[in-house]
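Welcome! Here is a short tour for anyone meeting this structure for the first time. Take a look at it below, then read on.

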Amino acid sequence: MSSEIESIQDAVLQGEANKVRFLTEIALSKRISAGDILYSGLLAPLKTISDKLKRNEVFIAEVIVVSRAVHAGLHVLGPHLKKAVEPNRGIIIIGTVAGDLHDIGKNLVAMALTSLGYQVIDLGIDVYPEDFVAAVKTHQPEYLAISAMLTTTINEISNVLKALEDEGLRKEVKVIIGGNPVTSDFCFTVGADGTCYELSEIEDMIAYIDKKKRSKR
Ligand code: B12
């Protein structure tokens, strides 16, 4: 592993957001790939702190500080992760469900979708079903992307789907869901159109859903 990546890892674990931003810029200028910086530099130390949290070796405050440092790196990395293939593929609305404050995964998914040529409208965290519905009415997106990271908030996904159904909007928008506790079984049960965990799977998932919808017309 390069010394640049190691320095980013250390700065992330120390929660030094400004240093992470600076070191990410340096690593990019040294032509280290954005993918390596993302997975080895930023997400690997997040996994380390996550494992420590599981073992009660750190306090939640430390995870917050580390998360901020990860975000600082993501901010610099965003434009470099872009593939910018086919622009204007339509709008995707994304948000994390009500009661849930996790947004690192959601932000990465938003970046991946932007790189596929979608205009992503990010509603942020703690988004209530009625706010998802209002955004769908206003922007008439191709897709609604919903993130949930807690077993206590995952059922909010069903609430969003139900709210769309109640407003007669469910058939107007394709819904993709994801987050730590979301499984394919859950996706099938709640009637969402697709789910995946890895960023690298998003493009294939979207292509599959688009193909399925086209063949139904
Ligand atoms: C960072 C973190 C936090 C940070 C969040 C900061 C932030 N800005 O996001 C803070 C400190 C605030 C936090 C708080 C809490 N957390 Co927390 N947190 C984590 C941690 C360590 C990492 C999450 C993360 O960012 N992972 C990295 C990203 C890249 O992965 P990801 O989010 O899973 O996203 C990927 C996929 O899921 C997918 N994806 C995500 N969204 C979507 C959406 C779509 C549409 C698609 C297609 C895909 C997709 O794509 C991403 C890329 O692969 C996890 C541990 C873990 N293993 O997940 C715990 C974890 C999620 N937290 C947990 C808990 C319990 C909490 C708290 C309740 C703790 C507490 N006692 O207060 C609070 C809840 C606060 C709230 N109301 O939301 C538990 C959840 C357990 C459970 N079964 O519900 C976990 C699993 C830790 C644990 N092992 O106990 N947390």
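How many residues does helix 5 have, and how far does helix 5 reach from its first C-alpha to its last? In this predicted model, helix 5 covers residues 104–115, which gives it twelve residues. Its reach is 17 Å, close to the 16 Å expected at 1.5 Å a residue. Let us start with this helix and then visit a few other places along the chain.

- Helix 5 is mostly covered, with nine of its twelve residues buried.
- The buried residues are Ile-104, Lys-106, Asn-107, Leu-108, Ala-110, Met-111, Ala-112, Leu-113 and Ser-115.
- Among the helices that cover these buried residues are helix 3 (34–54), helix 4 (60–81) and helix 9 (202–216).
- Strands take part in the cover as well, including strand 1 (91–96), strand 2 (119–122) and strand 3 (143–147).
- Just after helix 5 comes Gly-117, whose phi is positive, at about 100°.

**How helix 4 meets helix 5**

- Helix 4 and helix 5 pack with their axes 11 Å apart and at an angle of about 5°.
- Because angles under 35 degrees count as roughly parallel, helix 4 is described as roughly parallel to helix 5.
- On the helix 4 side, the contact is made by Ser-67, Val-70, His-71, Leu-74, Gly-78 and Leu-81.
- Helix 5 brings Ile-104, Asn-107, Leu-108, Met-111 and Ser-115 to this contact.
- Sorted by class, the contact has six nonpolar residues, five polar ones and no charged ones.

**Two domains**

- The domain assignment divides the protein chain into domain 1 (3–81) and domain 2 (91–216).
- The centres of these two domains, taken over C-alpha atoms, are separated by 26 Å.
- Ten residues from domain 1 and seven residues from domain 2 make up the contact.

**A residue in helix 2**

- Thr-24 is found in helix 2, which spans residues 17–29.
- Is Thr-24 buried or exposed? Its relative accessible area is 0%, so Thr-24 is buried.
- Not counting residues up to four places away in sequence, Thr-24 touches Ile-8, Ile-37, Gly-73, Val-76 and Leu-77.

**The loop between helix 4 and strand 1**

- Gly-90 has its place in this loop, and with a relative accessible area of 23% it is partly exposed.
- Pro-141 is 51 residues from Gly-90 in sequence, yet the two are 6.8 Å apart in space, C-alpha to C-alpha.
- Leaving aside neighbours within four places in sequence, Gly-90 is in contact with Gly-117, Tyr-118, Gln-119 and Glu-142.

- With 35% relative accessibility, Ile-125 counts as partly exposed.
- Beyond its neighbours within four places in sequence, Ile-125 is in contact with Thr-96, Asp-100, Leu-101, His-102 and Asp-103.
- The C-alpha atoms of Ile-125 and Ser-40 are separated by 26 Å, and the two residues lie 85 residues apart along the chain.
- Asp-126 lies in the loop between strand 2 and helix 6 too, and it counts as partly exposed at 33% relative accessibility.
- The phi of Asp-126 is near 55°, a positive value in a residue other than glycine.

**The loop between helix 6 and strand 3**

- Gln-140 lies in this loop and counts as exposed, at 64% relative accessibility.
- Gln-140 has a phi near 40°, which is a positive value in a residue other than glycine.

Terms used: Residues numbered from 1 in each chain as written. Predicted model: local features only at pLDDT ≥ 70, side-chain atom pairs only at ≥ 80, totals over all residues. Heavy atoms only, no water. Helix = DSSP H or I, 4+ residues; strand = E, 2+ residues; numbered from the N terminus. Expected span 1.5 Å × (residues − 1). Buried < 20%, exposed > 50% of the residue type's maximum accessible area, 1.4 Å probe, protein only. Contact = heavy atoms within 4.5 Å. Axes fitted to C-alpha atoms, helices over the stretch in contact; angles between N-to-C directions. Parallel < 35°, antiparallel > 145°, perpendicular 65-115°, else oblique. Nonpolar A, V, L, I, M, F, W, Y, C, P; charged D, E, K, R; others polar. Domains from an automatic or database assignment.
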